[in-house]
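Subject: Structure handover

Hello,

The sequence and structure are below, followed by notes on what was found. Please read the notes with the model open.

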Amino acid sequence: SGKKAVLYKELANVCVLKHVELFGTVVLIVCTVNGDVCIYGKDHKKGIHSHRKTASESGEKAILTSCVSDGSKTLFVGSNSGILVYNVTEKEMKLKSTISSKTAITALAHANTSLYAGDENGSISVYNQRSNDGGCYHRYVAIQGKGYPCNSMDVMRGGTKSAEATTLVCGMDDGKIDLVDLKSNSVKATITGHSAAVTAISVHPQAARFATVSEDTFVNVWDFDGKKVSVVQSTSIAKKLGTGIQYCKGANLLAVTFFDDSSIYFLTTM
């Protein structure tokens with residue numbers, strides 16, 4: 001309609017905004033710069049607030065950076081000091097545990113019961129649950145980074161949402177895209193995706209395809225059959241630094257956002 005409306009009002013600037021699946025429904029996760037985490041959805045429009053994360057173990061101000069869920073009842077929130085693990089029900093959310101990290105967590109993903117975390121050095125850590133430790137997550141393997149932050153990651157599932165996850169797609173600050181094999185937990189390929197930082201990634205919900213956006217003004221759509229990666233569409237929005245990207249319902253439309261621009265751009269894809 002062209003009109004603006006305030007859907008939810010937070011007490012501080014929003015730093016993380018993402019839809020995830022929890023307790024059988026899609027909800028909106030909102031994190032703010034003062035450390036608040038809030039869930040909004042159909043049955044809780046006023047939100048379910050956690051306690052405020054005020055500081056890291058070193059005493060520095062806590063900065064929330066990313067979030068992801070296990071699709072059921074666990075919410076993971078990345079920060080400059082590690083990962084907060086919450087148990088979530090329709091009525092409340094409680095901090096279950098924390099995963100400490102010496103480097104800031106910059107991206108999160110979850111698949112096949114494992115948690116994946118990218119950090120400011122470009123390293124990717126894989127965490128698994130241990131049933132003999134109350135279901136807490138412990139680092140299983142770490143893939144060494146190259147000194148550039150991992151800005152975004154998403155999981156490919158072989159072309160369908162219900163299929164088993166096969167590949168972790170990671171967008172790096174140097175413009176590279178790492179493709180991590182989830183069976184061997186190793187980087188199977190690194191491609192030069194953009195000439196500037198890859199800021200966001202979105203995996204197609206039905207096809208073996210993913211989209212990337214970058215500070216080089218380009219939105220690229222990629223096909224990946226498990227062996228070969230190829231660009232099937234490349235579009236430049238002149239003088240715009242990309243910040244976010246998401247496949248829309250129906251999967252033939254991409255929503256894209258840019259730095260210092262309040263508009264959402266929609267791009268028709270193949």
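Met 156 stands opposite Thr 167 in E14. The two strands concerned, E13 (150-156) and E14 (residues 167-172), run antiparallel and are joined by six bridges. Strands here, like helices, are DSSP runs numbered from the N terminus (E, at least two residues, for a strand; H or I, at least four, for a helix). Two strands count as paired if DSSP finds at least two bridges between them.

Before going further, the conventions. This is a predicted model, in which local features need pLDDT of at least 70 and side-chain atom pairs count only at pLDDT 80 or more, while totals for chains, interfaces and linings use all residues. Residues are numbered from 1 along each chain as its sequence is written, and side-chain values use heavy atoms, with hydrogens and water left out.

Sheets

E13 and E14 belong to an open sheet of four strands in the order E13-E14-E15-E16, with antiparallel pairing. Its edge strands are E13 and E16, each of which pairs on one side only. From one strand to the next, the twist averages 20° (axes are lines fitted to C-alpha atoms, for helices over the stretch in contact, and angles run from 0 to 180 degrees between N-to-C directions).

At the E16 end of that order, strand E15 (residues 176-181) and strand E16 (residues 186-192) pair in the antiparallel sense over six bridges. Lys 176 has Thr 192 in E16 as its bridge partner. E15 and E16 form a hairpin with four residues between them, and Asn 185 in the turn has a positive phi of about 50°.

Another open sheet of four strands has the order E17-E18-E19-E20, also with antiparallel pairing. Here the edge strands, each pairing on one side only, are E17 (198-203) and E20 (229-236). The twist averages 20° from one strand to the next. E17 and E18 (residues 209-214) run antiparallel and are joined by five bridges; Ser 202 has Ala 211 in E18 as its bridge partner.

Positive phi and a further hairpin

Strand E22 (residues 253-258) and strand E23 (residues 265-268) pair in the antiparallel sense over four bridges. Leu 253 stands opposite Thr 268 in E23. The hairpin of E22 and E23 has six residues between the strands, and Asp 260 takes a positive phi near 60° there. Asp 260 is a residue other than glycine, and at 73% relative accessibility it counts as exposed. The cut-offs are under 20% relative accessible area for buried and over 50% for exposed, with partly exposed in between (1.4 Å probe, protein chains only).

Lys 239 is also a residue other than glycine with a positive phi, near 60°. Lys 239 sits in the loop between E20 and strand E21 (242-247), and at 82% relative accessibility it is exposed.

Cysteines

Cys 15 is partly exposed at 33% relative accessibility, whereas Cys 67 is buried at 2%.

Second largest pocket

The second largest pocket holds about 290 Å³ of space. On a 1 Å grid over the protein atoms alone, a pocket is an open set of points with protein on both sides within 12 Å along at least five of seven lines, as against a cavity, where a 1.4 Å probe fits but cannot get out; lining residues have an atom within 4 Å of a point. Grid points are joined across faces, edges and corners, and the volume is the space filled by probe spheres set on the points.

Its lining has 16 residues, and those nearest the centre are Ser 101, Thr 103, Asp 119, Ser 125 and Arg 139. Strands E8 (93-100), E10 (114-119), E11 (124-130) and E12 (136-143) are the elements that give two or more residues to this lining. E10 supplies the largest share, three residues.

By class, the lining has five nonpolar, eight polar and three charged residues. Nonpolar covers Ala, Val, Leu, Ile, Met, Phe, Trp, Tyr, Cys and Pro; charged covers Asp, Glu, Lys and Arg; the others, Gly among them, are polar.

Regards
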